[in-house]
Amino acid sequence: MGFRRNPATAAGRPAPLLPVPVGVAETRIQHAAWVARCVGRGKSAPLRPADVTALASVLAVRAFPPASVLFAGGDQTTGVWIVREGQIELSVGSRGRRVVVQLLRPGDVDGDIQLLLEMPLPYTGRALSCVTCLFLAREDFEQLLATHPAIARRWLSSVAQRLAASQVRVLELLGGSLAVQASRLLAAESVGGRVELPQRTLAAMLGVQRPSLNKVLKDLERDGLIRISYGAIEIRDTTRLASRA
């Protein structure tokens, strides 16, 4: 699963670039430097120019229209996905009993854990908007980790951070009433004071019916904590909303 990036990464701004090696396009180096920020801290595992060049040489850019299925639950992953633009919904179950387990945003990474453990994907990834991803094929990813220790160390820190964040998320959603769980979810998914998700997606993330969630949201709106609009929710009182979580 993915984990939320820092604001600079989420906004899609590339990391400071290294000198562009001869024969490698500047755009590919930009993508590689941006990926390096997504998967670890430079101070603990600084990448040499050769590392960035190696990463740039194997990155592929893939674009998908809304509602496209990038990968399906039960399949073996063909590589690693890094979201560059747009949002990807990770869900399990059919439409009648579908549960959204995660939303991937720019800077989020997926597929690497399943690849390393040689296990099938537990969820389906579907584009919620126009999506651009950077893709590392299985063979290229394994070769990078085997031949570039700094990249391997960064990826290890990324995996650890994402697993820790997933554990915290599961623990938070296990207990409490629907009102508490909804408040936690809104606080977690808010970007710039707004949650740009339709209620059907939020309901699927909580594993409840939409009318049940709508009642809770209306209560929060009446209390002045949020304002509901089409396809989005504005957080009007972050402090009070956090106190409900």
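Okay, let's start inside the protein: the count comes to 1 cavity of 30 Å³ or more. By cavity I mean a set of points, on a 1 Å grid over the protein atoms alone, where a 1.4 Å probe fits but cannot get out. Before I go on, this is a predicted model, so local features need pLDDT of at least 70, side-chain atom pairs count only at pLDDT 80 or more, and totals for chains, interfaces and linings use all residues. Residues are numbered from 1 along each chain as its sequence is written, and side-chain values use heavy atoms, with hydrogens and water left out.

Helix H2 (26-38) and helix H6 (149-174) each supply at least two of the lining residues, with the largest share, 3 residues, coming from H6. Helices are DSSP runs of H or I, at least four residues, and strands are runs of E, at least two, numbered from the N terminus.

Staying with H2, Ala33 sits in that helix. Is Ala33 buried or exposed? Its relative accessibility is 8%, so Ala33 counts as buried; the cut-offs are under 20% relative accessible area for buried, over 50% for exposed, partly exposed in between, with a 1.4 Å probe and protein chains only. Its C-alpha lies 9.3 Å from that of Thr53, 20 residues apart along the chain.

Now helix H8 (residues 199-206), which is mostly covered, with 7 of its 8 residues buried. Among them are Leu202, Met205 and Leu206. Just after H8, Gly207 takes a positive phi of about 70°.

Last stop, the sheet. We have an open sheet of 3 strands in the order E9-E11-E10, with antiparallel pairing. Strands E9 (194-195) and E10 (226-229) are the edges, each pairing on one side only. Pairing takes at least two DSSP bridges between two strands, and E9 and E11 (residues 232-235) pair over 2 bridges.

Notes:
On a 1 Å grid over the protein atoms alone, a cavity is a set of points where a 1.4 Å probe fits but cannot get out, and a pocket is an open set with protein on both sides within 12 Å along at least five of seven lines; lining residues have an atom within 4 Å of a point. Grid points are joined across faces, edges and corners, and a volume is the space filled by probe spheres set on the points.
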